[in-house]
Amino acid sequence: MTAPLPNPGKKYDLDFARWVYDNVNGGDKMALCMQCGVCSGSCPIGTNMDHGPRKLFMMIRAGMQEAVMTSNTPANCTSCYRCVVRCPRSVPVTYILQDLLAKQAELGYRAKDSNENIAFAKSFWWSARAFGRTDERLVTAKYYWSFGPAEFWKRSMENLKIALGFIKKGRMHIGMPHSVKDKKGLKAILDKAREIESRG
Amino acid sequence: MTETATPTKPKKPGVYVCKGCGIGEAVDADALANVAKSEFRIQTTATQDACCSDEGVAAIKADVDAGTVDGVVVAACSHRVMADRFRFNGTPVVRANLREHVAWSQPPGEEDTEMLAADQVRMAITQVQLTLPPLPSQVQEYSRTLLVLGGGITGMTAAREAVKAGHPVILVEKTDQLGGWANKWAGRMPYRPPYRDVQDSGIAKLVEAVKADKDIDVKLDTRVVKTAGQPGAFTVTLSHGGQESVVNVGAVVVATGFRPYDATKLGHLGYGASPDIVTGVELEAMLKAGGELKRKSDGKPVKHIAFVQCAGSRDPDHLPYCSSVCCGVSIKQALQITKADAKASAYIVYEELRTPGTAEEFYRQAQEAGVIFMKGKATKVDAGAMQVSYTDELLGTEVPLAGLDMIVLATGMVPNSTDPDVPVVEPEKSEAQLKGDINPFSAIPVAGYKPGGAEGPTPPAMPHLDRIPEGGPILNLQYRQGPHIPVLADGFSDSHYICFPYETRRTGIYTAGPVRRPMDMAESAEDAAGAVMKAIQAIQGSKMGVSLHPRVGDLSFPKVGHEKCTKCRRCTVECPFGAIDEDETGRPIINPARCRRCGTCMGACPVQTITFDNYNPQMVNAMIEANEIPDEFSEKPRILVLACENDAYPALDMAGINREKWSPYVRTIPVRCLGSVTLQWVSTALQKGYDGIMLMGCKSGDDYQCHFVKGSAIAKERMSKVGETLKSLALEKERVTMAEVSIADSHRVPKVLNEFAELIGGLDPNPMKGF
């Protein structure tokens, strides 16, 4: 269980940086960040973030608790690890963002199901669990469906041309989804992983 | 020359022309020997394949030993090389530079090249004929004892180092205990590998060692009342509880350290508005006291603390400079607080964090320990809300750090180049000395000069001149030029910080530690060792009657022809080292051991009666006149370059080594310093028919490069008066100019010369030619 924020509700809090250092996975290493910005520069998704990792880290130091806990930066991270590979100070940026995302959700700053990325993750994991593979059509369909029928129709139609192009070039197959051989075994692995994760 | 004979000027010099290193291909060596023979009636001339070879040196030596020559002209390479080869038992040796300045920088075989080579030989023969082998200044009663002023880490280290080198020390400390500021420090920045943790200051051990040393005479509660004399023989009057005593010392190391910047001037950063806004020095004392760090106001433990860096530093309204240690100190304090209490948050608000060298390791250690570094300028400190607002440069926004328990202002260092506890003596004179010294543009108020007059340059406004630390003189020197050790901008004691960092402008007196520049304990200790070595050299030098830096080992010293002296006092005022005093009638008295042999006095003397045995106005005058000046129809102008031999001449040599070409019309005479250039040389050259004159020397100003500190600045000042002379001769102003050259300028120097040659070529020939 995560330690609660020392002074929740404050916009700026002098204790926030310490709290992140002590409670977020990899936070102690974040103290070594020298603000070079290689992480933000390397981030393939950086333009979609409200702040890059560099700036988010500086905001943490500045005690900007409210802004950090509502930032979409952690949620947008695709875990490509480019930042981790390139960081000259060996700051595990990806871990920090992942755990910050969890803390945002846990401490109620982000409703658990409110985020598009979470909806996508759910679709992804449904497919992965069911077939051991990600089936583009089903994952996309399920993801679009989570926004309701009207949105589903709208987004599907927008992407129809791309989908047809894929099929024409043999990039997307028609028919039953592919699946792995030992689906039972895979489920057991995933269950075990979940169990380990829930132990904290 | 034998030991007993009175030295005389050479009557029968020998001239040896070298053909090596390309000289033989560039010029006709036999013709040059002929110049010596026919024009100067030199009996002994020779050409050699290489003068510096064993055979060449042996041949010259044979002539000297046989007594056929009593002075030697070696027409070969620059005098800056092979000096040790051409040394013949004190016989005057002059070198005509045919290699760097002729063979390597001029096209071979041309008429102009031959003319230049011949002039080089003419100047060298003239010079040697007027050279008197110098005898050392009279060896005086000298003391081997060092006086060290200040009992802090610098002073104590200096004392220990001096004793190790075999010199007894008198260590004077004005308070009642040794240790200085270090007594108040709660540890020091790491100075040993792995440079990561706060280390013990070690001051107690050092104090014990100093007290136990029988060669160190520690004088506590003691002050210097006055200091007189010169290196090797200073007489220092000390006062202890009203009792005065006089000690004789050979040299002085001033380690008076620093005082923290007066924080009461930092009202805009909240100092004084709350007891919880403290300076770094105050926090250090709280940390030293030990125990949990508590607020002064209500005794609550300090959980959130912010350090405001550059409090009053790098600020044009306060200290314009960086004190270099405050960043390290704040890191140390924040680390100590963070390590003592894992829950504490220590914020360091900085603009640029300066952690040179191994301090970078220490910085990293603090980051690892969780000290929080914020980059931005503190804009406001609110004592009520205990809030530091700063503009975060990495976020681009204003960030409030509110509800802090304590705010620390990292204040800078002010040098103790004056003593704050001593009243200012003769305030106006004292200020004039300090300010006049630092302002390189200040007019010198003596006879013959018009400070601020119509012709004189207006001194530019220099705001930093107001930042001289308040207080009286620390040594109270009984010198003609005043009681202070001169300071440079910002009040640190003046030294040639690139080449001779420990030298002050008072020979035999060396500053070490933060009085010289801001520095930490490790640097101060190192500085102390350096200054002591210099002080020991000063004692040795005075014993042998030789000069110190930069003319190390020079035996010559200025002599005043009292029968001609008009008592105008220019020499006593202009000497950059305060070497000249006055007797009661106003006659100059030279203290040879204080003198650095730059010749600034010689350049100052309006009647040219200050001379060195081997360098004087008459000699250079004759050298200028020795050159052949072609008539005005030949279209061969002549340009005289008086080149400072510290930087400009080596740069020219280097240009020659790089085979850079420059105008063949240039005739170069090395001078000890531009300060030694007397205006008489300029007028002689103009009357002789030179078309242009260039003074080539070091940079002046408060970032001067002049090896004699004020020499090039004084030359600049004098040159500003040369316009009148030119006007009276109906000549163009552009004919006389000055060029600033550094030793690294070898590629620029030929361009400077060529541009000037082009300018002179564009003017009509000097109408004085042939008169």
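Residues are numbered from 1 along each chain as its sequence is written, with chains lettered from A and ligands numbered from 1 in the order in which they are written. As this is a predicted model, local features need pLDDT of at least 70 and side-chain atom pairs count only at pLDDT 80 or more, while totals for chains, interfaces and linings use all residues.

Q: What is the average pLDDT of chain B, and how many of the residues score at least 70?
A: The pLDDT is the predictor's confidence in each residue, from 0 to 100. Chain B averages 91, and 94% of the residues score at least 70. Over residues 440–457 of chain B the pLDDT is below 50, and this stretch has 38 contacts in the model beyond near neighbours in sequence. Two residues are in contact if their C-beta atoms, placed from the backbone, lie within 7 Å. For the complex, the predictor gives an ipTM of 0.77 and a pTM of 0.86.

Q: Why does V709(B) count as buried?
A: A residue is buried if 20 or more other C-beta atoms lie within 10 Å of its own, exposed if 12 or fewer, and partly exposed in between, with C-beta atoms placed from the backbone. V709(B) has 30 such neighbours inside 10 Å, so V709(B) is buried. V709(B) belongs to the loop between β28 and α18 of chain B.

Q: Why is D221(B) called partly exposed?
A: D221(B) has 13 other C-beta atoms within 10 Å, so D221(B) is partly exposed. The loop between β7 (216–219) and β8 (222–230) of chain B holds D221(B).

Q: What is the phi of D221(B), and what is the phi of V709(B)?
A: Most residues other than glycine have a negative phi, and most peptide bonds are trans. D221(B) is not a glycine, yet its phi is positive, near 55°. V709(B) is not a glycine either, and its phi is about 65°.

Q: Which peptide bond is joined in cis at P194(B), and which at P550(B)?
A: The bond between P193(B) and P194(B) is cis, with omega about 0°. P194(B) is in the loop between β6 (169–172) and α7 (203–212) of chain B. The bond from H549(B) to P550(B) is also cis, with omega near -10°. P550(B) is in the loop between α12 and β22 (559–560) of chain B.

Q: What makes a nonpolar core, and which residues have the most contacts inside the largest one?
A: A nonpolar core is a set of buried Ala, Val, Leu, Ile, Met, Phe, Trp, Tyr and Cys residues joined through C-beta atoms within 7 Å. The largest has 141 residues, and V253(B), V308(B), I348(B) and V349(B) have the most contacts inside it. Helix α12 (residues 521–544) of chain B gives the most to this core, with eight residues. Another core lies apart from it, with 109 residues, including C571(B) and M619(B).

Q: Why are β27 and β29 of chain B said to stand at the edges?
A: Helices (H or I, at least four residues) and strands (E, at least two) are DSSP runs, numbered from the N terminus. Two strands pair if DSSP finds at least two bridges between them. The open sheet has the order β27-β26-β28-β29 (chain B), with parallel pairing. β27 (666–671) and β29 (736–740) of chain B each have a single partner strand, so one side of each is left without a neighbour in the sheet.

Q: How do you know that β26 and β28 of chain B pair?
A: Five bridges join β26 (residues 639–644) to β28 (residues 692–697) of chain B, and two are enough for a pair. One of the partner pairs is V641(B) with M694(B).

Q: How many helices and strands does chain A have?
A: Chain A has 12 helices and zero strands. Of its 200 residues, 28% count as buried.
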